Amino acid sequence: MDFKALFQQISQVAQNLTKKQKIVVISSVVLVIGFLVFLTLFSSSNKNPEAEYEGYSVLFRNVDPAISSQIINELEAQGVKYKLADEGTILVPTSDVYRQRIAVASLGIMGDNKKGFEIYDTQDFGATENEQRVKFQRAIQGELSKTIESLEPIDKASVYIAFPKDSVFTERQVPPTASVVVKIKDGAKLNRRQIDGIKRIVAGSVPNLKLEDVKIVTQDGVALGDDEIALENELVAAQIKYRSQFEDSYERKIIDMIGKFIGGKDKVTAKVSIEFDFSTKDSINEIYDPNSVIRSEQNIEERREGKEPKDVGGVPGAVSNIGPVQGLEDNKPTELYSKNVANTNYEISKQTIKVKDQYATIKRVTAAVVVDGKYEFKTLEDGSQAQTPTYIPLNQNELNSIKSLVQQAIGYN
């Protein structure tokens with residue numbers, strides 16, 4: 001390109017323009033240049049967002065908007081400069097970041113206002129019984145909330161316990177209930193065991209609180225642990241995974257064994273299907289020992305010998321009034337009494353055995369195995385060797401040997 005000729009043409013065009021046209025052209029060029037400069041500066045600032053916050057450091061990050069407003073009010077009251085990267089990130093000058101972080105933390109702004117048994121650190125003299133009951137309820141709820149928040153998938157938790165009014169009548173007593181609201185971390189999920197664990201933590205901390213009376217709700221209002229379909233799906237998924245792992249293990253055993261026999265794992269394919277019985281049964285057996293051992297033995301023997309008292313009868317008079325007198329005849333026999341009692345107590349030996357079946361019992365195993373045959377290059381009539389190999393199937397003895405190996409691999413009975 002000839003730039004000299006280009007400039008000459010531009011100068012000629014400029015000379016032919018009127019004064020007003022020259023002003024419009026110059027203004028347009030200035031606007032275009034200014035717009036380009038603005039785009040350059042804007043793109044450079046976007047490429048380096050930290051340049052806007054140079055000299056500032058993060059005071060708090062990922063803070064709730066309600067807490068952010070309290071922190072900003074405190075910084076403004078102290079005359080501290082600050083910047084907001086977003087609604088949850090507050091920046092202050094780097095030289096003041098540690099001092100302001102300690103100052104804000106000392107005010108308790110960052111706390112979640114969950115207090116456990118430290119609520120009893122301050123004694124309230126003259127508090128009524130009802131106030132003490134409410135104070136104890138707040139302490140229990142705070143301790144449980146902090147305990148649940150310490151679990152890995154939980155971000156925040158709030159526990160609410162309803163203690164019924166005590167009644168002197170047993171049939172009118174109402175058990176307590178509890179509700180737990182949890183905020184799950186992004187990307188996390190609570191499984192059935194974790195849900196049951198949270199319920200057990202709450203139920204074990206409150207007297208007479210049953211597991212079925214503890215309800216768990218997520219931050220989206222979704223109830224956890226009450227969906228029987230979800231429970232069945234988790235159980236079925238666990239059973240399918242358990243079965244798949246066993247089948248894969250059996251298939252690898254067959255391929256490893258047969259592959260060495262026929263010359264390579266790529267020449268054998270095995271598929272195993274296992275039928276499990278996932279029903280669990282608990283049985284209790286009580287065994288009594290027929291050879292009893294004597295625990296205690298007691299023998300009682302009583303014996304008495306003597307005469308019966310004499311009776312005086314007859315016509316009322318002096319003799320009958322004064323009783324028996326010496327010399328009267330007595331024909332009654334002598335009294336004899338004997339008693340023997342023997343008590344023997346035997347110790348009954350009893351043995352109680354609790355038997356719990358295993359998680360899954362194999363009912364049936366079927367295996368399908370496909371093996372490749374042999375390939376040989378045959379010799380032609382002219383004595384030369386064929387270019388393509390010829391497939392030679394396995395004979396019956398070889399097939400029987402492979403079948404025997406498969407049966408040993410799967411534990412054939």
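I33 comes out partly exposed, with a relative accessible area of 49% (buried is under 20%, exposed over 50%, partly exposed in between, using a 1.4 Å probe and protein chains only). What you have here is a predicted model, so local features need pLDDT of at least 70 and side-chain atom pairs count only at pLDDT 80 or more, while totals for chains, interfaces and linings use all residues. Residues are numbered from 1 along each chain as its sequence is written, and side-chain values use heavy atoms, with hydrogens and water left out.

**Surface patch**
- I33 sits in helix α2 (residues 19-47); helices (H or I, at least four residues) and strands (E, at least two) are DSSP runs, numbered from the N terminus.
- Together, V25, V29, I33, V37 and L41 make a nonpolar surface patch of about 430 Å².
- Patch members have over 30% relative accessible area and no salt bridge, with like charges joined within 9 Å and nonpolar side chains (Val, Leu, Ile, Met, Phe, Trp, Tyr) within 5 Å; the areas are Shrake-Rupley values with a 1.4 Å probe, and for residues only the protein chains shown count as cover.

**Cores**
- The largest nonpolar core has 21 residues, and I148, V180, V182, L190 and V202 touch the most other members (a core is a set of buried Ala, Val, Leu, Ile, Met, Phe, Trp, Tyr and Cys residues joined through side-chain atoms within 4.5 Å).
- At least two residues of this core come from each of α5 (129-149), β4 (154-162), β5 (177-184), α6 (192-205) and β6 (214-218).
- Skipping residues up to four places away in sequence, V180 touches I148, S158, V159, V202, V214, K215, I216 and V217 (contact means heavy atoms within 4.5 Å).
- Another core, of 15 residues, lies apart from the largest one and includes Y250, I262, A270 and L394.

**A buried glutamine**
- Q100 belongs to helix α4 (residues 97-106) and is buried, at a relative accessible area of 1%.
- Neighbours within four places aside, Q100 is in contact with L59, L75, Q78 and V80.

**Strands**
- β2 (residues 83-86) and β3 (residues 89-93) run antiparallel and are joined by three bridges; two strands pair if DSSP finds at least two bridges between them.
- These two strands, β2 and β3, form a hairpin with two residues between them, and L84 stands opposite I90 in β3.
- β8 pairs with β13 (residues 361-371) in the antiparallel sense over 10 bridges, with V369 as the bridge partner of A270.
- In a regular strand, side chains alternate between the two faces of the sheet.
- β8 has V268, A270, V272, I274 and F276 on its covered face, and T269, K271, S273, E275 and D277 on the uncovered one.
- D266 is in the loop between α7 (228-262) and β8 (268-277) and counts as exposed at 70% relative accessibility.
- D266 and V371 are 105 residues apart in sequence but 9.2 Å apart in space, C-alpha to C-alpha.

**Salt bridges**
- The structure holds seven salt bridges, each a side-chain nitrogen of Lys or Arg within 4 Å of a carboxyl oxygen of Asp or Glu.
- E143 and K146 pair at 4.0 Å, N to O, three residues apart in helix α5.
- In helix α6, D196 and R192 are four residues apart, about one turn, and their closest N and O atoms are 3.7 Å apart.
- K374 and E398 form a salt bridge at 2.9 Å between their closest N and O atoms.
- K374 lies in strand β14 (residues 374-376) and E398 in helix α9 (residues 396-410), so this pair ties together parts 24 residues apart in sequence.
- K374 is partly exposed at 40%, whereas E398 is buried at 17%.
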